Amino acid sequence: MAFFSGGRRGGGGGSLLPSTSKPKPLRKPSSTAARRRSLLRDLLSPTSTFFALGLFISVLFFLAVVVGYGVPSSLSSSFPSPSKPRLLRRPPMRRSVDTGGAGGVKRGKIAAAAVDITTKDLYDRIEFLDVDGGAWKQGWKVTYAGNEWDKEKLKVFVVPHSHNDPGWKLTFEEYYNRQSRHILDTIVESLSKDTRRKFIWEEMSYLERWWRDASELKRERLTKLVKNGQLEIVGGGWVMNDEANSHYFAIIEQMMEGNTWLNDTIGVVPKNSWAIDPFGYSATMAYLLRRMGFHNMVIQRTHYELKKDLALHRNLEYIWRQSWDTDETTDIFVHMMPFYSYDIPHTCGPEPAICCQFDFARTRGFGYEFCPWRFDPIETSPSNVQERATKLLDQYRKKSTLYRTNTLLVPLGDDFRYVSTDEAEVQFRNYQMLFDYINSSPNLNAEVKFGTLEDYFRTLRDEAERINFSHPGEFGSGELEGFPSLSGDFFTYADRNQDYWSGYYVSRPFFKAVDRVLEQTLRASEMLAALVLGYCQKSQCAKLPVSFSHKLTAARRNLALFQHHDGVTGTAKDHVVEDYGIRMHTSLQDLQIFMSRAVEVLLGDFHDKSDPTLLSQFEPEQTRSKYDVQPTHKVLDVHEGRAQSVVFFNPLEQTRDEIVMVVVTKPDIFVRDSSGSCVESQISPEWQHDSKGKISTGRHRLYWRASVPAMGLETYFISRGQKDCEKAIPAKLKMFPESDSSSCPPPYICSKLEGEKAEINNLHHTLTLDVKHGLLQKISRRDGKQTVVGEEIGIYRSSGGAYLFKPDGEAQPIIEKGGSLIISEGPLVQESYSLPKTMWEKTPISHSTRIYSGENTVQELLIEKEYHVELLGSDFNDRELIARFKTSIGNERVFYSDLNGFQMIRRQTYDKIPLQGNYYPMPSLAFLQDSLGHRFSVHSKQSLGAASLKNGWLEIMLDRRLVYDDGRGLGQAVMDNRPTNVLFHILIEHNVSALPSAHALLNLQPSLLSHRLGAHLNYPMHAFVSRKPQESSLKTYNKSFTALAAPLPCDLHIVNFKVPQPLKFPQVQPSDSRFLILLHRRVWDTSYCGRGGLQCSTIGDELVNLSYMFKDLVVSNVKATSLNLAHDDTEMLGYIKQLGDVAQEANVLMSPMEIQAYKFELQSPSGV
C-alpha cells in the first residue's frame, strides 16, 4: 500500500499525482459555477504570466537554499536494495520534502477549506439576544408575497416517521414489546393498503429485533415496501448515535453493523441520513457518512440562534465540508430543520398552534396530549377541506420561504408514533384528503404528497440542476450547485431560553468509561480473531473465532446500542442505564474469555488437533465482578520456586516500550523476560480511597519495563526464591503528615515530607507539588522551561439535570490545607498520592500524579493524573465536580478539543453567552496554546466536558449529581453516581518556532508524539496471566508472537482489523476477500517535531505496501470499500485516485486525515 508524502491534491504542498485524481462530483457543476471556481486555477495555470514569474522566483530561492545549506538528507539518502521485500519502501519516484505529510498541510496547520460559512463566523456575528419572535418564538413573523410559486410550483413532501429510542425511559426490550414491534407491524399493514403512502425508518436495532419475530409473510411484505420505494430505510445504523461523546471507532462500528445487516437481510443500502434527535452535530459524522456513500443528511437539534441566522439568509440547506478539505471530496448536502422540534407542531410551518391542529393522532382515543395552544385537530371532511387545506398550505408556504428551492420537506411524526393501525389511518386518511384538494386546485400552484427522503432529495436536486440558486460570490460545491458551503460543528446545543445542553457531556461518567473499555476490548478481540483465522486457516484452531462469532456479534451490537443518543450521553432512566451496563459487562466478560483462548492459540502450535474452544491456560489480568464496579487486578500470589507468566497483547501498530504493572501479595519477587533475562523491577504500595485513614491495601504494585511487538504478544515471568536476579526495588516513601510506624507499610522505609513543596522527577520533568493541599503547582523541563499548572479541584452549585448544565455562579475550590500526601520514589515510577481534606467528612476525591522513567518511551514524556471520584450521598446534591489547570499559557481563552477522537476543532469562550454555553465535548483530547508555541495538552481515557473560561485555564468536569429533572422529558434526576476513576495524560510541548500573533485563527493539530500518547491511553495493552503458576524452568509454549512484518509509520493508525463475518469464514471462498482493514492517516503538527528520541517513521518518509504488512502471510485480492462495507466505487466515495492495480499490487494511496477501508485475503504461503 503506497502512501505518498507531500500534498493533498491541489493543496499546494504536494505529492506528484495526476490531475485526474480528483473524484467527480455526484452531479455535474453548472457552467457558471465552474467558471467561478476556475478563476483561481486560471491565474495559477502554467501558461499564465503570474505563474511563470512565481516559478522563476521559487527556483532562485531553492538554489539559494541548496547553496547555503546543502541538500536535505531525506533527498540525498540512498534507496534500500529492491531485492529484499520490505513493509516500508522508498517510493520509485520523486517525493515532496514536506514531511508534514499533506497537501494543504504546512508546518502542521491544515490549509483551511474555502467555504462560504464557518460556524465560528456565525458565533462571532450572532449577538445571542434571545429575542421573542411571536408565534415562531425563536424566529420572526414569516410572510410571503404570493407570487413566489408562479414560475415553479411548490412541491411538498410530507414524510411520515416514528422516532424510536433504543432505550430512554424504558429499556430497549421494553420499548420493543410495548411499542416498536407494533409500530413496524402498523407500517407494513398501513402502507400495503395504498401505494401513495410512504414512511421512513432509521434504527436497525429495532428492525432486526422485529425481523426475528416476524412471520415470513410480514418479512416479504416489508421487503416489498422497501423495494418499491414506499418504505425507505434512512441512516440504517444500529442506532441514531450521539455525536458528542461517541468515538469514531464506535460510530463506524454501529453504522457498519446496521448497514451490513440491512444489506444482507433485505438487500438495500441507505442513501440518506436522518439524525433528528442527537443533541448537537459533529463534522466527523458528516465525514464518515460521506465515506460510507451517503450524499444527503437531515439534522434538527442545533442552537436556535444559529437556526435563525441561517434561515434569515436562506442557508438552512448547505454543503457540509470538512475544514481541511481543499478538494471538495468530503462534501455532503445537509437539510437543517428550522424550528424548535421534530414533532408535528414544529414541522409544518412557523406557527405551532396551527401545525398542532394537523396532528390528527391528538384527537381523543390515542393517548397523546392535547395541543397546548388549545386549538385541537378537527377531522377533515368535504365541508371543511377547503378551509383546512388552505390553512395548512399557508404554513407550508411560509416554511418554504426559509429555503432556496420550491421543494419542501415536512416531517410527520414524533417519538414512538404510529403504534396502531387506527392511529396510522387517522393521519393518512386526513392528510390524503387535504392533499387531494390542494393538488386538484391549479390556482394554488402546489403539489403535496407523502414522500420519503429519497423522493425529497431527488426532486430538490433535479430542481437545483434546472435553476441556479447560488447567491452572488458563493463558493458553493460541485456536489450540488446553488447552496452555500459550510465547515465547523454544532456544539454546544441550546434549545430555548439560553438553556445549554452541556451537562450530558459528563452525565454518568462511569458508563462513559465502560464504553471506551468495551470499545478497546472489542477492537483487540476483532484483531485476535482475524489473526487466528489468518494463521490457522483450515487448521483446527480456526474453530475458535468461528464458534465465538455469535458472541462477537453480540458485543458489536451492545457497543453499538450504547452509542444511542440517550445511552453514552447518560440521559436515560436509572433502570435503562443498568440495562446498558449489564449488556456491556456481559460482552466484556465474553470478549475476555475469547481473548484468553486466542492468546493461547497464537502462542501455541497452529497444527494442534485439540479443540481450541476448551483452552483455559490464561485468564485476564483485570476483571469486573459486577456491571457497575471498577475493574480489579488479579492479585498474583507467587510461591517459592514457581513462576507466574504474564502475557501482553499490544493492539497498536507500533512496538510498545512501556512500564507495566501487576498487583502482587509479596514484595520479594523479580521479573524475567521471555528469553530468561532478568528485568529491572520496582514495587510500590497499593493505595485506596479511604477517608478513615487506612490508605494502604497491604498489597504491592509491581512495575517493570515491557517491550511488546506491534499487534503481537510477549510473555514475562514473575518469580520468587531464585538468587540470580535482583529483587524488585521497593519505593521510598515520604509522608505528610508524618506517619507513625504502624501506618508505614512493610517493607518500605517512610520519612516525613519537609517544607511547603515537594518534587518528583525523571529525566524530562520535575513536578512541584503543594504539600499542604496535595496539588500540582508547576512542571519544569530539563531544558529549563517551566509551565505553571496550578491544579485546582472545585465544585459548581447547579440546578441542571441529565441534559442541562445550569451553574449557579463560578466553581469554588474545595481543597483545604491538611489531608494526606504520600510521595513514592522508585527507579521506574514516581508518584504522589493525595487524599485531600475538604469541608465534608468523606472527601469526594483522591488523586495520584505519576511520572515514569524509561529511556525512549512515550511514558517518560507524559504526566499521568488519576482522579478517584466518589460523588456519593446527599452532601453532594446539585454539585458538579471539576479539575482545573490554571496554567501560565496565554491562550486568550481559546482552546482546541477533539471531535470524536478524529479531528481537532477550535473553541473560544464568548462573554455574550453564559458559562455553560462555553463548555464543549472533550471525547479524548483538549489543549491550550499561546503565541509563543507553548502547548498544554490533556488526553482523557473517556469522554467528558471541557472549557477555558479564563486566560490560561483549562477545566474538565469529572462528575455531576443533580436532584431535579431539567424538563427535557427524562422525568428524573441524576443520582446514581458510582465510584469512578478518571485518567488523564498531560503533555507539555514547546514549538520549535513561534507562531504568528493570529495563532488563535489557525486550525491546529496534535503533534506526532501527542497522537502516540493518545493511542497508548485509549488502546492500552491487554494482560493475561496463567491460571496456574508453573515451575520456573518449564517451557510448554511459545513466549512471543509477532503479526506485523514491521511496525507501521506513526501517523498511520489501524482503526480496525477484522473478519466481518467469522461464522461464514469456512464457507466463503478466499476470492471474496474475507478480511477487512480500516486505516486512518493522521495529520500532525510538524512545528512540534521533537519525538523524544522515539524511533518513529512517518508516511511522509516511507511508502507502505499491504503485501508485506503481515509476517508469514500473503495478502491478495485487495479491494477498496466504503466504511460501511456497502460500496466499492471509490470515486463515488471520494477516495483519492489510486495508481496501478490495487488488487494485484496492494499499493494504495491515502491523503492526510483520511480513513479508508480495504477488503483483502490472507493466506499462508503453504495454503494451510
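This is a predicted model: local features need pLDDT of at least 70, side-chain atom pairs count only at pLDDT 80 or more; totals for chains, interfaces and linings use all residues.
Student: Why is H15 called largely enclosed by the rest of the structure?

Tutor: A residue is called buried when its relative accessible area is under 20%, and 27 of the 28 residues of H15 are buried, so the helix is largely enclosed by the rest of the structure.

Student: How do you know that the reach of H15 is close to what is expected?

Tutor: At 1.5 Å a residue, 40 Å is expected for the 28 residues of H15, and the distance from its first C-alpha to its last is 40 Å.

Student: What makes H8 and H15 a pair in contact?

Tutor: Contact requires heavy atoms within 4.5 Å, and on this basis Phe249, Ala250 and Glu253 in H8 meet Glu519, Leu522, Arg523 and Glu526 in H15. By class, this contact has three nonpolar, no polar and four charged residues. The axes of H8 (residues 248-265) and H15 (residues 509-536) come within 10 Å and cross at roughly 65°, and the crossing is left-handed.

Student: How do you know that the span of helix H5 agrees with its number of residues?

Tutor: The 22 residues of H5 (residues 172-193) should span 32 Å at 1.5 Å a residue, and the end C-alpha atoms are 29 Å apart, which agrees.

Student: Where is the kink in H5 centred, and which residues of this helix are buried?

Tutor: The kink, of about 45°, is centred on Arg178, while the buried residues of H5 include Phe172, Tyr175, Tyr176 and Ser180.

Key:
Residues are numbered from 1 along each chain as its sequence is written. Side-chain values use heavy atoms; hydrogens and water are left out. Axes are lines fitted to C-alpha atoms, for helices over the stretch in contact, and angles run from 0 to 180 degrees between N-to-C directions. Helices (H or I, at least four residues) and strands (E, at least two) are DSSP runs, numbered from the N terminus. A crossing is left-handed if the near helix is turned anticlockwise from the far one by less than a right angle, and right-handed if clockwise. Ala, Val, Leu, Ile, Met, Phe, Trp, Tyr, Cys and Pro count as nonpolar, Asp, Glu, Lys and Arg as charged, and the others, Gly among them, as polar. The expected span of a helix is 1.5 Å times one less than its number of residues. The bend at a residue is the angle between axes fitted to the seven residues ending there and the seven starting there. Buried means under 20% relative accessible area, exposed over 50%, partly exposed in between (1.4 Å probe, protein chains only).
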